[in-house]
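Reader: I have a protein model open and I would like to learn how to read it. Could you walk me through it?

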Amino acid sequence: MNINYEYGLDIKDVDELIQIYHDNGWTGHDQEKVITIFNIATHVIIAKYQGKVVGFARAMSDGVFNAAIYDVMVNIVHQKQGIGQEIIRKMLTYLGELSCVHLIATTGYESFYRQLGFRKLKTGMAIYTNEKLKDEYTD
């Protein structure tokens, strides 16, 4: 499978991004929100197969010390084919030499990120305003 990787948002891809979010159970993403979060992101990678979006990730970085990777998503029919791993590898390269790259794994995907070099934090903390996410991700 020949996957092409693009580094930035093409507005024509927004509906495909939304569909991938929704197919993965993330139904709170609409056109306005997706455009906003991708335009604000400092780093974006979009994986395409035959011109169609099959995966993506976005990140925020200060360019010196820290970055955070968000929304690593792969189309359901293209999962388990190495696309997500390649998106992460490319994102880490794209982010460059930093002290720390943060990521919050969706429950059940911790081993996926562990095999790519991520480790649990000893002192990581977060504030969630959404009770469901708070219950899922915090002690």
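Predicted model: local features only at pLDDT ≥ 70, side-chain atom pairs only at ≥ 80, totals over all residues.

Reader: How many residues does the largest nonpolar core have, and which have the most contacts inside it?

Author: The largest core here has 20 residues, and those with the most contacts inside it are Ile69, Ile83, Ile88, Met91 and Leu95. At least two core residues come from each of strand E2 (43-49), strand E3 (52-61), strand E4 (66-74) and helix H3 (83-95). H3 gives the most, with five residues.

Reader: Which residues is Ile88 in contact with, leaving aside its neighbours within four places in sequence?

Author: With those neighbours set aside, Ile88 touches Ile69, Val72, Leu103, Phe112, Tyr113, Leu116 and Phe118. There is also a second, separate core of 14 residues, and Ile20, Val34, Val44 and Phe56 are included in it.

Reader: Now the whole chain, please. What pattern does it follow along the sequence?

Author: Count the elements, then read them in order. The protein chain has five helices and five strands, and their order is β-α-α-β-β-β-α-β-α-α.

Reader: What does the radius of gyration tell me about this chain?

Author: Compare the value with the one for a compact globule. For 139 residues that would be near 14 Å, and the protein chain has 15 Å, so the two agree. The C-alpha trace spans about 45 × 35 × 30 Å along its principal axes.

Reader: Could we try one residue? Is Val74 buried or exposed?

Author: A residue counts as buried when its relative accessible area is under 20%. Val74 has 11% relative accessibility, so Val74 counts as buried. Across the protein chain, 33% of the 139 residues count as buried.

Reader: Where does Val74 lie, and which residues is Val74 in contact with beyond four places in sequence?

Author: Val74 lies in strand E4. Beyond its neighbours within four places, its contacts are Ile20, Asn24, Val54, Gly55, Gln79, Ile83, Gly84 and Ile87.

Key
Residues numbered from 1 in each chain as written. Heavy atoms only, no water. Core = buried A, V, L, I, M, F, W, Y, C linked by side-chain atoms within 4.5 Å. Buried < 20%, exposed > 50% of the residue type's maximum accessible area, 1.4 Å probe, protein only. Helix = DSSP H or I, 4+ residues; strand = E, 2+ residues; numbered from the N terminus. Contact = heavy atoms within 4.5 Å. Rg over C-alpha atoms; globule rule 2.2 N^0.38 Å.
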